[in-house]
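Here is a short report on one protein chain.

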Amino acid sequence: MFTNTDYDKLQQLMAESPENRVLLEKLLASHEESVASISHEIRNPLTLVYSTVQLLESRHPEIASDRYWISLREDVEYMQQLLADLPSLNHSRTLSLSEFSFRSFMEQIVLSFAASCTDSPVEFTSRLAPDLPVIQGDRIKLREVFLNLLRNARESIKGTGAIRLDASCTSTEIIVTIEDTGCGIPEEHLPHIFEPFVTYKKGGTGLGLAIADRTVRAHGGEIAVTSAVDTGTRFRILLPV
């Protein structure tokens, strides 16, 4: 699996000459096709395995409380989620660009997430600057980036807490920050949280933040995080105007 550093080096090589670009784009396309093919071949038999697990549990309900059975089911569900997330990681750098109002775009995200917090003890607040510009980007992929960060923030809070989203802009970039009062991330984990398959969350695949990072980079932006245990986490996303 290519790391972010590997992709940055490939981008530099592409910029050096048209010949490099053509050759390396073929290499990346072949790499993505291989990942997609392997994922597809594994997903089909795994679906049959999970169906069998569900059938056995329906016929023998008493097995559902066995700790080995619970572990087996969780492992199969983890693999299913991993295979579902892999295509998103695989294509996170491939953008379908269109022009859209970033303020209207963020208003939809804020309303959608606020609705999901209605019956929870988590307080969600937001502030969107009135002068957020029209940008060119991939609406679907950017929407998933922000909703994924907001979902992570909510999952980090046990009991009552707060999440805040702010979006502002300068003449050259849009700045979006997402802060929470959740459990925080240990300092030693911070350098690795954007790496694929690195997760410290039970049931996580370790792909959500890797996808977010690659998507933001593909837009020419950057994403950074600061955090401390028991005080919360702050993500800062910069997107060029």
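## A charged pair between strands

E179 is partly exposed, with a relative accessibility of 31%. Here buried means under 20% relative accessible area, exposed means over 50%, and partly exposed lies in between (1.4 Å probe, protein chains only). The side chain of E179 forms a salt bridge with that of R234, at 3.8 Å from N to O. The pair ties together distant parts of the chain: E179 lies in strand β5 (residues 173-180) and R234 in strand β7 (residues 232-240), 55 residues apart. R234 is also partly exposed, at 32% relative accessibility. A salt bridge here is a side-chain nitrogen of Lys or Arg within 4 Å of a carboxyl oxygen of Asp or Glu. Helices (H or I, at least four residues) and strands (E, at least two) are DSSP runs, numbered from the N terminus.

The model is predicted: local features need pLDDT of at least 70, side-chain atom pairs count only at pLDDT 80 or more, and totals for chains, interfaces and linings use all residues. Residues are numbered from 1 along each chain as its sequence is written, and side-chain values use heavy atoms, with hydrogens and water left out.

## Other salt bridges

The structure holds nine salt bridges. Side chains of opposite charge can pair when their charged atoms come close. E107 and R103 make one of these bridges, with 3.2 Å between N and O. The two residues sit four apart in helix α4 (residues 102-116), so about one helical turn separates them. E107 is partly exposed, at 32% relative accessible area. R103 is partly exposed too, at 25%.

D166 and R164 also meet through their side chains, at 2.8 Å from N to O. D166 is buried, with a relative accessible area of 12%. R164 is partly exposed at 33%. Elsewhere, salt bridges link E57, R73 and E77 in a network.

## Helix α5

Helix α5 covers residues 139-155, 17 residues in total. Its span from first to last C-alpha is 24 Å, close to the 24 Å expected at 1.5 Å a residue. That expected span is 1.5 Å times one less than the number of residues.

What caps the N-terminal end of α5? D138 does, with a side-chain oxygen 3.2 Å from the backbone nitrogen of I140. Buried residues in α5 include L142, V145, F146 and L147. N148, L149, L150 and A153 are buried as well.

## T233 in strand β7

T233 belongs to strand β7. Is T233 buried or exposed? T233 is buried, at 6% relative accessibility. Its side chain makes a polar contact with the side chain of S227, at 2.7 Å. A polar contact is a pair of N or O atoms within 3.5 Å; within protein, one must be able to donate a hydrogen and the other to accept it, and residues adjacent in sequence count only if both atoms are side-chain atoms.

Setting aside neighbours within four places in sequence, T233 is in contact (heavy atoms within 4.5 Å) with residues including I178, E179, D180, G184 and I185. V225, T226 and S227 are also among its contacts.

## The chain as a whole

The chain has six helices and seven strands. Along the sequence they run α-α-α-β-α-β-β-α-β-β-α-β-β. Of its 241 residues, 38% count as buried. Among contacts between residues at least 6 apart in sequence, 69% join residues at least 24 apart.
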